[in-house]
Amino acid sequence: MTARAAPPAPAPFNPMLQEELSMTLHIRRATAGLMLSTALVAAPLAAQETAPNGDALAEDQTLTIRMLDEHTSLDPQLIEDVPGSDISRQLFEGLMVQDENGELEPGVAESYDVSEDGKTYTFHLREDAKWSNGDPVTAGDFVFAWQRAASPELASEYQWFIGLMSIVNADAVIAGEMPVEELGVTAVDDRTLEVRLSAPLPYFPQMTTHTTTFPAPQKVVEEFGDAWTQPGNIVSNGAYKLEEHVPNERVVAVKNDQYWDAENVIIDRFVTLVINDESQGLTRFLAGELDRTEMPAGQFPRMKQEHPDEAVSFPRLCNYYYTFNLSESGPEAFKDVKVRQALALAVDRDIVVNNILAGGQPPAYTFTPAATAGFTVPDVEMASMTQAERDARAKELLAEAGYGPDNPLSFTMLYNTSEDHQKIAVALSQMWKQKLGVQASLGNMEWQTFLDARSQQAFDLARGAWCGDYNEASTFLDLLTTPSGSNDGKYSNPEVDRLMLDARTAEDPQANYTQVEEIIAEEMPVIPIYHYAGVYMLDTDVGNWPVNNVEQNWYVKNMWKKAE
Amino acid sequence: MLSYILRRLLVAIPTLLLLVVLCFLLMHAAPGSPFNSERALPPQVLANIEAKYGLDKPLPLQLWDYLVGVVTRFDFGPSFVYRDRTVNGIIAQGFPVTLTYGTISFIVAVLVGVSLGVAAALRQNTWIDYIAVGTSFSAQALPNFVMAPILVIVFTWKLGWLPGGGWNNGAWPYVVMPVIALSTSFMASIARITRSSMLEVLNSNFIRTARAKGLPARTIVWRHAMKPTMMPVVSYLGPAFVGMITGSVVIDMYFSTGGIGLFYVNSALNRDYSVMLGLTILYGALTILFNLVTDVVYAWLDPKIRY
């Protein structure tokens with residue numbers, strides 16, 4: 001799941017402006033035969049009184065959280081947004097799940113084997129996995145779901161994810177040139193699922209935590225068609241089942257007794273309330289109606305002071321940047337690397353993160369967030385300079401490029417409608433004006449118009465944001481390669497392309513990523529501004545919210561409510 | 001009268017058609033599509049989606065297919081953004097909510113507004129007048145997107161009396177704040193129109209005659225002054241009622257009521273063509289209907305009007 005817009009805070013009225021974060025995949029070579037998540041619990045707790053860590057449990061085990069927007073769908077193969085994936089992750093369970101730190105744990109699959117060449121994965125499904133109607137979850141349910149996700153008939157936007165998984169014949173099936181049965185996924189028997197890949201993909205098991213890969217109940221889907229996800233029709237295999245859905249108001253899910261690990265599920269009622277306005281969400285949190293809500297931008301310092309135990313901030317897997325238009329239609333000035341460097345240097349990121357956002361976001365000098373698994377931020381020169389040094393250097397560079405009082409540099413910077421984007425754009429243009437005498441005029445566009453302009457290179461400098469599709473640096477750095485469809489600045493460097501291609505099969509891809517970041521720091525095709533933080537108000541009685549899971553793939557089944 | 005109503009209804013059909021065509025063309029002329037996002041979709045995937053929704057056909061054909069679906073099957077099509085929902089389903093779920101809080105707000109606004117206006121006019125330049133006028137001006141000056149958060153801060157957070165949002169099938173605690181927030185400014189307008197209209201009527205010749213005849217004040221106000229006073233009020237109420245029952249994005253957004261006001265604004269921003277069109281037709285039809293109702297009420301209020 002990528003950032004559709006990924007602003008730090010959504011503008012009211014527009015669901016597409018939401019911070020769409022990735023349901024991503026943690027990169028860690030998980031071994032076959034993983035331990036059970038609940039192995040710490042010595043004995044099954046029939047009537048639970050304490051949590052796995054010894055917390056006394058509250059009588060009412062209801063977890064209520066705010067959702068920014070109405071989900072676009074609860075059909076796993078159609079889901080394309082964060083609210084949809086957050087809810088369906090509770091209703092359905094994939095082959096693998098993530099723990100509190102984002103590490104892989106067995107889900108429906110107890111274990112898996114990989115062939116010598118890394119191109120065939122065999123998943124062994126647990127015997128006791130059941131749908132909420134009592135039917136067993138079989139390998140065929142996964143085959144059906146994956147074929148469905150790839151099928152042109154369903155026409156899911158997430159067909160691209162099946163392509164990304166490199167399953168044999170995926171592209172031909174998506175193009176309608178082959179029947180879905182030709183997709184490289186087969187049920188050897190009810191409990192054995194075989195997946196054949198067209199190329200080895202080290203992070204393939206991590207991709208099986210993604211909603212697109214969740215199983216689908218064929219009988220139910222065929223019986224109800226598009227309406228199969230409505231309460232009353234829906235049958236799911238996760239720890240919760242859907243009880244109520246009032247669009248734009250609420251979703252209520254209750255514990256699924258058929259779930260294989262139901263005896264260790266503590267929260268018995270999970271409620272999401274759609275509240276578009278963040279300030280309204282905060283008020284309702286303070287009134288005790290919510291257990292979790294996102295912090296309105298700029299409120300974190302005050303809330304941290306007033307509610308030190310409830311205001312939390314932790315790194316997320318997303319970046320915020322401005323991209324130069326380096327294509328034919330872009331301004332001549334930006335083709336000069338000195339101009340790009342000067343503009344990047346003159347941005348005082350501390351002002352952006354401390355004075356505008358004020359939510360614990362780290363300033364960014366590289367494209368890939370430091371929180372990315374396995375990624376070490378290279379020592380780029382800009383990061384170690386003081387702002388005064390950066391400003392001095394920026395002035396020199398711009399003068400060398402031939403711009404000054406007699407020949408001032410001017411361009412338009414494009415961003416989509418949102419209060420926070422505007423604040424940041426105003427701050428940047430002021431910094432450039434005061435330090436460099438650069439005339440940056442602001443171009444504000446409504447979201448869809450903005451996307452159109454940016455994808456057609458009708459801009460000088462444009463805002464961008466990206467959230468990792470999986471937890472590895474390539475999900476970010478691929479964006480700056482020539483073939484990437486989302487490379488709207490049209491930056492193209494054969495060396496970067498080669499390094500990223502090699503990384504796919506390299507023993508240690510991290511070295512390549514470091515090299516690419518160094519090239520980017522030198523050539524500056526984009527200006528990284530900051531990396532995201534998750535900034536929440538989280539009730540102290542919520543046990544085990546996974547703040548260390550940078551992708552924020554949370555599972556209600558692993559949480560509890562403490563007695564207060 | 002009956003033939004007048006029929007004629008008006010017949011004229012409504014081409015009006016609505018024109019509305020649909022204009023809206024359809026404007027929608028498609030706007031840049032963007034329902035399937036745009038930060039990630040550029042692979043061309044093949046986009047082609048599959050467009051084929052599924054018929055967006056690969058020429059525009060006139062798309063418009064024709066749409067109209068045929070609406071006219072023959074009363075089918076407004078699937079939502080392009082809410083992938084497992086239809087426009088009919090969205091309206092069926094959201095419109096009753098909006099209709100409920102809109103109607104209640106309308107009744108509250110009319111009762112309170114007319115009472116305030118009449119009281120102010122009858123006691124012109126007394127403290128009653130000042131309070132009524134003061135109240136309605138402050139109510140007008142406080143937009144609902146300011147009032148909504150204040151209501152929640154006061155009644156939910158500080159006092160803990162009312163839930164801060166949601167609908168809960170229209171249980172009364174959930175309806176109170178949306179109704180206050182929605183009705184206030186309408187109430188203020190109604191009060192001001194009623195007051196000035198009533199003052200004008202009270203100064204007119206036929207009222208002076210009634211006074212001269214020695215009719216009691218109560219009879220003068222209720223039997224003679226009220227009907228003409230309501231003329232300008234009614235012309236305001238028609239559109240106001242449609243405005244209220246078709247919902248308010250502010251109410252839906254701040255109180256999570258799940259009405260169609262929010263869907264309408266979002267559908268435009270998301271380029272959810274079918275939802276946008278469906279709701280535009282609904283709004284258009286309601287506007288035409290209530291303009292007609294207003295005109296009929298006119299005829300009843302003013303015997304000079306004949307259709």
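Reply: In this predicted model, strands β6(A) and β7 (residues 192-196) of chain A run antiparallel and are joined by 4 bridges. Within this pair, Thr186(A) has Glu194(A) of β7(A) opposite it.

The two strands belong to an open sheet of 4 strands in chain A, ordered β4-β5-β7-β6, with antiparallel pairing. At its edges are β4 (109-114) and β6 (185-189) of chain A, each of which pairs on one side only. Direction ignored, neighbouring strands of the sheet are turned against each other by 25° on average.

A helix accompanies the sheet: α2 (residues 139-150) of chain A lies across β5 (120-125), β6 and β7 of chain A. Relative to β6(A), helix α2(A) runs at about 170°.

As for the contact between the chains, 52 residues of chain A are in contact with 43 residues of chain B. On the side of chain A that touches chain B, at least two residues each come from α3 (159-164), β10 (269-274), α7 (278-286), α14 (447-455) and β15 (461-467) of chain A. Helix α14(A) supplies the largest share of that side, with 6 residues. By residue class, the side of chain A that touches chain B consists of 24 nonpolar, 17 polar and 11 charged residues.

Terms used:
Residues numbered from 1 in each chain as written. Chains lettered and ligands numbered in written order. Predicted model: local features only at pLDDT ≥ 70, side-chain atom pairs only at ≥ 80, totals over all residues. Contact = placed C-beta atoms within 7 Å. Nonpolar A, V, L, I, M, F, W, Y, C, P; charged D, E, K, R; others polar. Pairing = 2+ DSSP bridges. Axes fitted to C-alpha atoms, helices over the stretch in contact; angles between N-to-C directions.
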